[in-house]
Amino acid sequence: MADGADRGPGAGATGGRAPAQAPERAMWCDERFDFQGTFLQCLAKHVPNIYSAEMDPLLEKQEEMVQAAILYPLECYLFGEDPDMFLEKLQQSGTSQLCGKVFKGGETTYSCRDCAVDPTCVLCIDCFQNSIHKNHRYKMHSSTGGGFCDCGDTEAWKAGPLCTKHELGSSSSPKENSECQLNEEIMEHSRRVFPSVIKYIVDMLIWEEEKELPPELTVSREKVDSYYCVLFNDEHHSYDHVIYSLQRALGCELGEAQLHTTAIDKEGRRAVKAGHYASCQEAKEEIKRHSENVSQRPLHVEVLHADVMAHQKFALRLGSWLNKLMSYSSDFRQIFCQICLKEEAGSEKPCFISKLMLWDAKLHKGARKVLHELIFSSFFMEMEYKKLFAVEFVKYYKALQKEYISDDHDRVLSVTALSVQMFTVPTLARHLIEEQNVITTITETLLEVLPEYLDKNDKFNFQGYSQDKLNRVYAVIYDLRYVLVSKPTLWTDRLRERFLEGFVSFLRILTCMQGMEEIKRQIGQHIEVDHDWEAAIAIQMQLKNILLMFQEWCASDEELLLRAYRECHKAVMRCSTNGRSREKTMFHLCGHTLESRPYRVSADPVSIHLPLSRTLAGLHVRLSKTGAISRLHEFVSPEEFQVELLVEYPLRCLVLVAQVAAEMWRRNGLSLISQVFYYQDVKCREEMYDKDIIMLQIGASLMDPNQFLLLMLQRYELADAFKKIKPTKDQDLIKQYNILIEEMLQILIYVVGERYVPGISDVTKEDVIMREIIHLLCIEPMAHSAITKSLPENENNETGLENVIDKVATFKKPGVSGHGVYELKDECLKEFNMFFYHYTKTQHSKAEHTQKKRRKQENRDEALPPPPPPDFSPAFSNVVRILNCDVMMHILRTLLQRAVELETHLWTEAMIQMVLHLLSLGLLEEKQQLQKSPEEEVSFDFYHKATRMGSSALNAVNVLMLLEKLKRVPQLEAQKDTVNWILQMFDMVKRLREKSSLTTVATASASEAAKGDESTQDKEKAERKRKAEAARLHRQKIMAQMSALQRNFIETHKLLYENTLEAQGKEDAIMEEESVSSAVDYSKIALGPKRGPSVAEKEVLTCILCQEEQEVKLESDAMVLSACVQKSTALTQNRSRILELSGDTLDPLFMHPDLPCGTHTGSCGHVMHAACWQKYFEAMQLNFRQRLHVEQIFDLENGEYLCPLCKSLCNTVIPIVPLQAQKINSEDAEAVAQILSLARWLEIVTVRISGYSVKNAKGEKQNLPAFANRGMGNSALEFHSILSFGVQSSAKYSSSIKEMLILFATTIYRVGLKVAPNEADSRIPMMTWSTCAFTIQCIENLLETEGKPLFGSLQNRQHSGLKALVQFAAAQRTTSPQVLIQKHLIRLLGVLLPNFKVEDTPSLLEVDMFHILVGAVLSFPSLYWEDAVDLQPSSISSAYNHLYLFHLATLAHITQIVISSATESSTACSPDNSEEAQSAQSFCREVCQYTSGCFSQDIPGWLVWDCVKKGIMPYLRCAALFFHYLLGVSPPEELLQDSEEGQFKALCSYLSLPTNLFLLFHEYWDTVNPLLQRWCADPMVLSCLKGKSIAIRYPRKRNHLIELPEDYSCLLNQASQFRCPRSSDDEQKHPVLCLFCGAMLCSQNTCCQELVNGEELGACTSHALQCGAGVCMFLKIRECKVVLIEGKTRGCLYPAPYLDEYGETDPGLKRGNPLHLCRERYRKLHLLWQQHCIIEEIARSQETNQIFFGFNWQLL
Ligand SMILES: [Zn+2]
Ligand SMILES: [Zn+2]
Ligand SMILES: [Zn+2]
Ligand SMILES: [Zn+2]
Ligand SMILES: [Zn+2]
Ligand SMILES: [Zn+2]
Ligand SMILES: [Zn+2]
């Protein structure tokens, strides 16, 4: 057994317990001594001492003492040898074949829909994973606690009762083997020990004296005055109540009160004060008083003597000791059970176990748990004793249930919850019915606990009921369901008698329900208070399946069925007496008369609850189905039968529904509407609405048809409506009449047409389900779960859907979102019945609409006649007679007449539709009968009646004639096709009648007749076709226009990259023209003298707010893009790094190569005028401040708002700065190239910087670069040399643009560093460059993981966002002091330049080179700053600046890669001796030299080259993106395509690099040599090379969400093994998985809350701060939901990427189907993360689901 090795707490501390206790052991070993006496003496001596420190116990110490003083000697005596060794042996000798694992709340249980006998049969996760059911249709559910694993119980499973683990156990220890496990001596000892132990436990647990102990436990020593005030747990008081009461009553600290409360909740009771009796008594009163103040009831407090407390505690310890012992041997269990069941001879007292059961409700939580576990581990593991236990249980059933109902603990903590373990075992249930009469016991219990709800008529009335109490009553009802769950296959006389006895007893409950909660129509005033209707409906729901099961049980035995029917009939009759006092009245219509007692639903009381009548209806159809109905007269005489009376009540109920629909019951409030809803809802209808229809069918089959219809008319209060038309002006009344007529016609349609009930016609259950599904799918394609929800469940929670669905529907898989749906197969469409009785009004019209539309699309007529119904079974065959009876004809004719005569207010289209439907039914019936038997035998003469005149009046017309006229009624245009269909049917039936002697001819001519009508039909068809064709052409035209637009769109955007000639900048004027050929040549190069021209088109943008267009210009007012800045860890290489939560002291200039946390800027790409945005923003802020809870969606202080167009969450705007187009004059370039070598450029830069330094040094003390080789080089160079290669004046931005530049830069600074805004902070430019570099890196990363080309594949929003960001970053410099920019630049160059070094320059291995590149390039123009004039480098100057900066950064990066990554062997490419390999080799030699041999020279050149080529790719790609968006130079074609091949070459060419990258070193050797020396001499580098530290490897790993298992139950398995790291209790936990890093957290639990900056944060929220810089993604495993959170206040739920086989997610695991990972959906989540759209998603979901406002995300 899994927990066999668990030796309880203190197991580890038992090593030294043996020797010290030798004398005691010796004493117990004496065979002759009185065990009980000695045992009790021992306890009396030790127990009070061991448990003396109750208030502040040292648990480990206590356990040690218990082991040493009591348990060890006891075990020695019991086993006769060393207990540890003995138990070890015992354990190895075999295990039980029952698993018996007891579930804790929240644990996942598994059931098999194929093999479980009922859904209460479950497996634990271990057994499930090792069972055959793993591959069956299983269900997963969360246990509420208290159940146990049924593995090994052969009665619970149809197949595979054992998992492989327990199969081993059963085969290795056959029965006889386990019998002789224990030798006789031990058995003998057990028989001696167990009774004393059990008696002690029982005595102590039910001990009621608070001051005294039993005499045998009282020690002679002086009784000390030491008491405890003990507080007990209950379900009425909340945690906070208890804490509050304790604080007030005891004056203790919050922490102490919390500690007490937690312990009370867990253990069930706790001593909260120790002291003398009086002081404890005082504390008790105080606590009671204070708790009464907060809630109605006082807390349960007792004062107990210390010794009593100690012994009770120890009794529980002994209980768990026994519990452990039980797991070792079947013999122990049997002996234990025998003793527990033993009754004292001649005594009436219950046995031990019954005593405990009866005391259960008085025990505290902790004691109950021990008791129940003990029952599980002993009785429930031995089938024979389980039965004996069950007998005891049923014996005291009433008492136990009553105790439970007044108990204040949850059901899981009650011994009554064990019923399911016994009652669902089929043999046990049978035994209990036969021997213990359990059905009667349960029903009588119900009758005894419900009387308080009985009114003066002995009917239930639940007004003002207590929900909690009723819930407890439901538990009893559930027991009834458990007992009935498996129907017997064999009936014995005894079983039959007992069952019938139970059934009769059950009928008594139904009698109390029949007609309960009567209501009366409210006239005049609206009712004041809505009725409590929920309780009665809830009981109906609870009873639904029980009623069905009773009927099924009855139906399985003919004798039983008939006797049950008689009993039920009697009961109905007894309830049908009221109204007898009234005088009968007469009602005449078309020559027929109805004599009845007056009753009006609209005036007299009526009830919707008629379980007796409905049970009778259920039994009646079963009589019909089994054929037993032929013997009915033997049991119920025809005089007694009184069908009118049987029909009466169900009919009233249907009339009530009709009147509610006619709004006659408006004033009775919502409660009635709800009742009517449930009456027809799938949860109740089987035993309510459906049965009422059946009862009407019974009536129609047994009554005279005209009488039946007259009764209908009278009860619907429509007698007048069909008599003579009394002109009335009351519009409301007319409307009411019309609705009532519609309702009645509908019911008539159902009575005649609805035959899909086994017994009413010859259909199977499968047919019934198929028909339900067909009609659901006729409305629209539906998801599996939606269909399931609309079908009734049987007692096993099955709908039977899976068996038939594939016959009627095809499954369509879902896409990345949404769910899979079933679509109806075409061949099933003919089954569609518009008046399907389970359609609601909306479903009805939706289905009608869908089907008509479909027929129209197929160019068919729109008639939707009823499908031919199956034949009634003989008992019901008379029902059809109501179709052709006189009253029916009168009704049909009257209504048609009204329609034809255009009395518009007296009829409705719906009404006519129903009339037509009834006509169709009649014709179909006659046709079917004629086709089956010769004409003379067919008495059903619908045709004849319909073609006969209704009266002798001159203008009288028949139905057929009316139909012809109907075709011309304009309002009924839509019904024309149906009318035509009916006319054809008339014709066909006529021919069948006429030529019935020649049946074959008849059918042939019938088809011919149909043809005759075709000429008109053809015309209509042609017309329809023409219209359809016109519509098709129109659609085509529109499609063509659309695709043309699309093509244009593509064309325009292509230009962005292709065009070189059209670049028109202002600077062009001062430049020479250039040859077209060279333009093509260097047009695709971004850096250096051959730089291509910028492609800067004129940008005209439309503001989304004012819709006005504006060109983007330097000097115009600013236009802005809405944007969202957020911190991000999406690229981190090291999640264990601790992030600084506040950036107050952070220096963000250098980015660590781990990229631990960056600042990402994203945009939705929507453009506004800065001014428009500001107005909008202010209005929005004002508006939101007035809204409640808004702080949870928007952080207004931090500038959050929603994009006015797409509602994305934004927190700033990016100003759109136009690209300054530049072009290089090639002659100039060549000239410059002559002079400006890298060496010279370096010198110039150095001189410039040192010049600044000298100038600035006068003022403040700066971090001066130390110039290494100042003396060297050309001294002719001076401070201004840098300007000589070309300058131009700086761009002049409009003030509006400047303002926006500052605003955006400040936002980046504020969000990126989490600091207060400060426009003057020196770190603002750094943050600008940093977010620019980081965002580019994120985009490059995203493109790579998505496998998209570098250029041309960005989403529009990404493209415009990036463009704006880079241009902004270049322009931002102008709003900061140039000295500051220079200062930052110098620090950046410190890493790259060989000839000077700044003090705090980080090591080469500690910087991200791309960040340096971006910073250096963007800050470099500051070197051109002069006091007087605002200058910036000319195009040619910046071309060289960019080139050299880039080359230097690249050299540094290559060195980084070689040092950190070229150490491991790569298998990707084969050795070769290419030029690159050789260069690499020689480079390595240098490095080796400079690192004094630390760098291994042995690495082959080709390998180094391979590493560099792979490692440098992301950097090159980022650089290409950066320079492209900075300069606007078109990239080469290869970068627009997704090809690995050409990419490297193209990048090198675009970035002016040799493809053999090592040639760079070669080319610049003199300059690079000292730099390389410096880099290599760095201590960090050396330590890394020596293997002492680890540097980041290149290429960096691309982050992915963690791997998830394919099968969801694997995750549940993980979760079940999850232990909270902070607490060791077994309380239910909510394990949550971080999808970024895979950490499993303990969420929503106080144990794992953390204090961050003075705020309590839940485990998830605090984890997110580190793991995702505040934004994170979790999977709640037990709920199967993904949670996205941001910061402390925001979050949302998202469906987990797991789907069941029907393509649906299962949030909350409500359905419990097996779930499998959907890779596409998981990828979508991955993209959500990498695209930085999590915040956006949260904001969007919060906008739509306002429900989560209340959730405290902070504590997640
Ligand atoms: Zn198990
Ligand atoms: Zn098992
Ligand atoms: Zn199975
Ligand atoms: Zn505008
Ligand atoms: Zn937007
Ligand atoms: Zn994480
Ligand atoms: Zn925890």
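In the predicted model, F1558 counts as buried, at 3% relative accessibility, and F1483 is likewise buried, with a relative accessible area of 3%. By the criterion applied to ring centres, the count comes to 64 aromatic pairs. F1483 and F1558 form one such pair, which is tilted, with 5.3 Å from centre to centre and 40° between the planes. Because F1483 belongs to helix α56 (residues 1475-1490) whereas F1558 lies in the loop between α58 (1540-1550) and α59 (1559-1563), the contact ties together parts that are 75 residues apart in sequence. A further aromatic pair, that of F1636 and W1729, is stacked, the centres being 4.4 Å apart and the planes 20° from one another. Here F1636 is placed in the loop between β21 (1630-1634) and β22 (1640-1643) and W1729 in helix α64 (residues 1719-1730), so that this pair ties together parts 93 residues apart in sequence. Both partners are buried, F1636 with a relative accessible area of 6% and W1729 at 4% relative accessibility.

Aromatic contacts also occur as a linked group, in that ring pairs join F148, F336, F376, F379, F380, F389, F393, Y397 and F423 into a cluster. Rings additionally take part in contacts with charged side chains: the charged end of R755 sits over the ring of F872, at 4.1 Å from its centre, and the charged end of R411 sits over the ring of Y404, at 5.7 Å from the centre of that ring.

Strand β21 is mostly covered, with 4 of its 5 residues buried, and pairs with β22 in the antiparallel sense over 4 bridges. Within this pairing, P1631 stands opposite C1642 of β22. The hairpin formed by β21 and β22 has 5 residues between the strands, and in this hairpin G1638 takes a positive phi near 85°. β21 is also joined by 3 bridges to strand β25 (residues 1671-1676), the two strands running antiparallel, and in that pairing L1633 stands opposite L1675 of β25.

β12 pairs with strand β13 (residues 1158-1169) in the antiparallel sense over 9 bridges, and the bridge partner of A1123 in β13 is S1163. Strand β16 (residues 1212-1215) is joined to β12 by 4 bridges, again with the strands running antiparallel, and in β16 the bridge partner of S1122 is V1213.

The zinc ion (ligand 4) is coordinated by C1103 (SG), C1106 (SG), H1169 (ND1) and C1172 (SG), at 2.0 to 2.4 Å. The 4 donor atoms subtend angles of 97 to 118° around the zinc ion (ligand 4), and the arrangement is therefore tetrahedral. Along the chain, the donors of the zinc ion (ligand 4) follow the spacing C-x2-C-x62-H-x2-C.

With regard to the pairing of cysteines, a disulfide is a covalent bond between the sulfur atoms of two cysteines. A search of the whole structure finds 0 disulfides. In the case of C575, the closest cysteine sulfur is that of C512, at 8.7 Å, and is therefore too far for a bond, a disulfide being assigned to a pair of cysteine sulfur atoms within 2.5 Å. C575 counts as buried, at 17% relative accessibility, and C1680 is buried with a relative accessible area of 2%.

Notes
Residues are numbered from 1 along each chain as its sequence is written. Chains are lettered from A and ligands numbered from 1 in the order in which they are written. This is a predicted model: local features need pLDDT of at least 70, side-chain atom pairs count only at pLDDT 80 or more; totals for chains, interfaces and linings use all residues. Side-chain values use heavy atoms; hydrogens and water are left out. Donors are N, O and S atoms within 2.8 Å of the metal (3.2 Å for Na, K and Ca); water is not among the atoms, so sites may look incomplete. Four donors count as tetrahedral if all angles lie between 85 and 135 degrees; four count as square planar and six as octahedral if opposite donors are over 155 degrees apart and all others between 65 and 115; anything else is irregular. Two strands pair if DSSP finds at least two bridges between them. Buried means under 20% relative accessible area, exposed over 50%, partly exposed in between (1.4 Å probe, protein chains only). Rings of Phe, Tyr and Trp (its six-membered ring) pair if their centres lie within 6.5 Å; planes under 30 degrees apart count as stacked, over 60 as edge-to-face and the rest as tilted. A charge sits over a ring if NZ of Lys or CZ of Arg is within 6 Å of the ring centre and within 35 degrees of the ring normal.
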